Amino acid sequence: MTEITKDTIIGDILDACPDAAPLFLEIGMHCLGCPSSRGETVEQACLVHGTDADELVAKINAFMSK
């Protein structure tokens with residue numbers, strides 16, 4: 001998968017790297033199997049959960065580059 005942005009769909013991230021799920025759980029996104037949450041962008045999820053999208057994107061990209 002290419003670099004993650006705030007516009008990347010969460011379901012696409014989890015399909016490409018299921019091990020990234022804990023990064024979403026850390027922001028309180030516990031319903032990762034829910035169709036609506038998997039269809040959200042990273043930015044939309046961060047808005048709902050009161051988290052900085054740029055920070056989460058950086059964490060996801062760092063994790064996926066390992």
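User: Is C46 buried or exposed?
Analyst: This is a predicted model. In it, C46 counts as buried, because its relative accessibility is 1% and the cut-off for buried is under 20%.

User: And C34, how is that one classed?
Analyst: C34 is partly exposed, with a relative accessible area of 27%.

User: Okay, new topic. Where is A45?
Analyst: A45 sits in helix 4, which covers residues 42-49.

User: Buried or exposed?
Analyst: A45 counts as buried, at 0% relative accessibility.

User: Which residues is A45 in contact with?
Analyst: If you leave aside the neighbours within four places in sequence, A45 is in contact with I10, M29 and E40. For A45 and M29, the C-alpha atoms are separated by 7.7 Å. Along the chain, A45 and M29 are 16 residues apart.

User: What about N61, where is its place?
Analyst: N61 is in helix 5, residues 53-64.

User: Why does N61 count as buried?
Analyst: N61 counts as buried because its relative accessibility is 19%, and the limit is under 20%.

User: What does N61 touch?
Analyst: N61 touches E3 and I4, not counting residues up to four places away in sequence.

User: Let's do salt bridges. How many does the count come to?
Analyst: The count comes to five salt bridges. Side chains of opposite charge can pair when their charged atoms come close.

User: Which residue forms a salt bridge with K6?
Analyst: One partner is D54, and the closest N and O atoms of K6 and D54 are 3.6 Å apart. K6 lies in the segment before helix 1 (10-16) and D54 lies in helix 5, so the pair ties together parts that are 48 residues apart in sequence.

User: How exposed are K6 and D54?
Analyst: K6 is partly exposed, with a relative accessible area of 30%. D54 also counts as partly exposed, at 48% relative accessibility.

User: Which side chain meets E26 in a salt bridge?
Analyst: The side chain of K59 meets E26, at 3.9 Å from N to O. This pair links distant parts of the chain, 33 residues apart. E26 is in the loop between helix 2 (21-25) and helix 3 (35-38), while K59 is in helix 5.

User: What is the accessibility of each?
Analyst: E26 is exposed, with a relative accessible area of 57%. K59 counts as partly exposed, at 37% relative accessibility.

User: What about E55 and K59, how do their side chains meet?
Analyst: The side chains of E55 and K59 meet in a salt bridge, with 3.8 Å from N to O. E55 and K59 are four residues apart in helix 5, so about one helical turn separates them. E55 is partly exposed, with a relative accessible area of 45%.

Technical notes. Residues numbered from 1 in each chain as written. Predicted model: local features only at pLDDT ≥ 70, side-chain atom pairs only at ≥ 80, totals over all residues. Heavy atoms only, no water. Helix = DSSP H or I, 4+ residues; strand = E, 2+ residues; numbered from the N terminus. Buried < 20%, exposed > 50% of the residue type's maximum accessible area, 1.4 Å probe, protein only. Contact = heavy atoms within 4.5 Å. Salt bridge = Lys/Arg side-chain N within 4 Å of Asp/Glu carboxyl O.
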